Amino acid sequence: MRVFLQPRPLFIILSVLCFLAFWLSLALGPVSLPLVDTLRAAIRLTGIPIQGDNLEQAELIVGQIRLPRTLLGLAVGAVLALSGVAMQGLFRNPLADPGLVGVSSGAALGAALAIVGGSFFGGLPDAFEPYLLSLCAGIGGLAVAAMVYRLGRHNGQTSVATMLLAGIALTALASSTIGLFTYLADDATLRTLTFWNLGSLNGASYVRLWPLLLVCVVIICWLPRRAKALNALLLGESEARHLGVEVESLKRELIFCTALGVGAAVAAAGMIGFIGLIVPHLVRLLAGPDHRVLLPASALAGASLLLFADLFARLVLAPAELPIGIVTAFLGAPFFLYLLVRGRS
Amino acid sequence: MMRPHARLLLGLCAGLFFLPSAFAAQPSSADLPQRWVSAGGALTEWVVALGGESKLVGVDTTSLHPDSLKALPKIGYQRQLSAEGILSLRPNILVGTEEMGPPPVLSQLRTAGVQVEVLSAEPDLPTLKSNLQQLGKLLGSEDKASQLIASYDQQLDDQHRWVEQAQQHQSAPGVLLLVGNGGSKPMVAGVGTAGDWLIKQAGGRNLATHTGYKVFSVEAMAGLNPQVLVVADRELAGPAALQALPRCRPCSNRTRCWLRPRLAAKADCWIWTRPCWWVV
Amino acid sequence: MLQAENVRIQRGTKTVLEKIDLDLRPGEMLGVLGPNGAGKSTLLGALCGELKPASGEVRLDGRPLAHWSAAARAQRLAVLPQSSTLSFSFRVEEVVAMGRMPHDSGHVRDAEVIHAALQAADAAHLMGRSYTALSGGERQRVHLARVLAQLWPGGNGQTLLLDEPTSALDPLHQHTTLQAVREFADRGAAVLVILHDLNLAARYCDRLLLLEGGRPFALDSPDAVLQPDALKTVFGLEVLVQRHPERGHPLIIAR
């Protein structure tokens, strides 16, 4: 009999981990700052005037480079993990992941279309660009999610195999369309298209952060309220209906939520895969599939995992930087294969 | 988009304005940046040619010549620079072309007081000259820059004369210029690129009519039937670069293939380290 | 109380069920029998609102089923499907707790109900175990407990629909399950149960509905419905009908 962690110890551990990840992300980096300076700079940023000499560099590095990057990592990690949980609840299968199912590629395509379309009109207005990109990425992700869901449904049953295959096909379509844009484009604007393929938290700025933070807050507030309904949905759609859950509207909410979350994350940081697969899985292993625990725990765990991965990405090749999408793929793909093998035995 | 000159001036002013005391000593216009980071293989070669190698503290992954650069810390690919990574080298200046990015990183660097020089990548002679002069000024070796420009002008004049003479005997040969990247699919230089300029200077006819660099199929290349095929590869030289060409060579028996491995970078880089000569 | 009036179900152009007039009375256990493909599961689908009738109406407490909100309906109508596709390792009591979703009864009361429902389904010893580690029969009993918990304690105005609840169970548990359902009905709930085993149906049900080819063949007490010629017609089986020596209900013996 498997022993699960009780919710309270689990949340304590995850909160400590997240806190640690946050501080390490602020304290460590290619530029070596003494820890005291980091602390002082961080305190200064909150508005408390604290004494200290030579703090300008620390304030700059911590406040302008590391802090937005850390916040971005927190938000992207949490949102991707929650989208993974939502997707796995929707498809009633623990192998569903927004990336595998093609939602990330759809979001990237949406953002690419926004850039291409924007360049037709002489460039996107700077103030709105992050919001516009997030919106278009969200729409792209939504289109793919809806398509995959439709294709995977047959006679009231969801075929996971079909859904994964549809995801592969749609990912290929989205990627080649983006490739086509890249090929046809000589324009400087379109050079950013290569950005989407391998996600990175590089160049994080507060301006780009806002749409994602907004979406993050919305998802974190909304999803846990549907935790019980999500549990019931795992029994099966008819069973959930018989338990009083409005199944159709719940499914629509889940698709929308996933697309919105993934869209905002992709628009802000490019395609970062496997977080939505690994994190909910690990949390289920530790604490069981009850969504009332799974949802908040996955958000914390996803944020922590992404920050640790980013720390690695930043330091391993300093002063250059590894795209974080590579790190998560190296973690996630073997994990996925392991799950497949274990599922068979 | 601003003209390169105006942009450089603005960049220079902006850079000077934001320099904080925590970094290098407060510079006056007499003080030159001492710690250089360079992004873009060709630019780095020019910095070295102008005598600035000792000032380089970091280069990007496209800066491969001269070999001594390999010992320097690498800041990554020029389109995906890391602000903190570059700052850890404590540079005074970052030079690169418009290909440098991502833009938020550049503004973060400017805020940190690093002078960010964005030089134009237009593949024409006036740009080349003004960039060289700018680099010379920043390195404090304006004389060397003028010398290099003059010698380059001289070489080009010689080349033009030679071409005029050659053209009295025969018509301009059809040429395709391929730029490879360590053996991966070579791209054909189209109209308006540095490769195109090179072909024209050498007196040839660029058979490619597209703009920018595009990958051609072997069949398409063979269909154009070039008389001369120039292959430039960033890393491979000599026979190795030839091997990297598709098995079925797109040349007829009359075509000669020439290899010039030192033509820098595959994108719209405007600087050539030395002109390309060939004999028809 | 659940009522079906002249219900007809079509699948594409084919009529799979018709002429269904049914009244599920409180305190009564109605058994549905018939060969494979006779329309038993379709009937269940129509009665619980899964399948929309092409004509006719299903009413719950006088109001058409479609007019009920999902939450309100869930407090009065519970359905146990034939099999479950749950593949996540919830604990047994968590699965049963899902049955309490339509109710706002609080932790303490819920825990009592879960415990009682598990007892009734003879699955109390499974508490604390992971659902995915259970055998097919054990899982079926856990789902029965869930459905019982949904309507607990079961009284007038509540309806329970069960689709072959004994299919994966051993002989002892076939009886204990149906006994628990019987007790549920005795408390006032209306129960409809699809069964394959004629003898189980004869023992536990108050009335029997015999379906053949999508049409009701007979709807009456077990004594009246379980006649040799009727069974020969519907099932194609030659049988002897005797009396149970102790209980007196019909006993079907294949010849």
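Predicted model: local features only at pLDDT ≥ 70, side-chain atom pairs only at ≥ 80, totals over all residues.

Reader: At what angle do helix H1 and helix H3 of chain A pack, and how far apart are their axes?

Author: The angle is about 150°, and the axes are 9 Å apart. In chain A, helix H1 covers residues 7-27 and helix H3 covers residues 55-91.

Reader: Roughly parallel or roughly antiparallel, then?

Author: Roughly antiparallel, because angles over 145 degrees count that way.

Reader: Which residues in H1(A) and H3(A) meet?

Author: From H1(A) you have A:Phe22, A:Ser25 and A:Leu26. They meet A:Val62, A:Arg66, A:Leu67, A:Thr70 and A:Gly73 in H3(A). By class, the contact of H1(A) with H3(A) has four nonpolar, three polar and one charged residues.

Reader: Let's hop to chain B. How do the axes of helix H5 and helix H6 cross there?

Author: In chain B, helix H5 (residues 125-139) and helix H6 (residues 142-169) cross at roughly 160°, and their axes come within 7 Å. H5(B) and H6(B) are therefore roughly antiparallel to each other.

Reader: Is the crossing of H5(B) and H6(B) left-handed or right-handed?

Author: Right-handed. On the H5(B) side the contact is made by B:Lys129, B:Leu132, B:Gln133, B:Leu135, B:Gly136 and B:Lys137. H6(B) brings B:Glu142, B:Lys144, B:Ala145, B:Leu148 and B:Ile149.

Reader: And by class, what does the contact of H5(B) with H6(B) have?

Author: Five nonpolar, two polar and four charged residues.

Reader: Switching topic: how many residues does the contact take from chain A and from chain C?

Author: There are 19 residues from chain A and 23 residues from chain C.

Reader: Which helices of chain A each supply at least two residues of the side that touches chain C?

Author: Helix H8 (227-235) and helix H9 (237-242) of chain A. The largest share of that side of chain A, five residues, comes from H8(A).

Reader: How do the residues on the side of chain A that touches chain C divide by class?

Author: Into seven nonpolar, six polar and six charged.

Reader: Last thing, confidence. What is the mean pLDDT of chain C?

Author: The mean is 91, and 100% of the residues of chain C reach 70 or more. For the model, ipTM is 0.89 and pTM is 0.82.

How values were computed:
Residues numbered from 1 in each chain as written. Chains lettered and ligands numbered in written order. Axes fitted to C-alpha atoms, helices over the stretch in contact; angles between N-to-C directions. Helix = DSSP H or I, 4+ residues; strand = E, 2+ residues; numbered from the N terminus. Parallel < 35°, antiparallel > 145°, perpendicular 65-115°, else oblique. Contact = placed C-beta atoms within 7 Å. Nonpolar A, V, L, I, M, F, W, Y, C, P; charged D, E, K, R; others polar. Left-handed = near helix turned anticlockwise from the far one by under 90°. pLDDT = per-residue confidence, 0-100.
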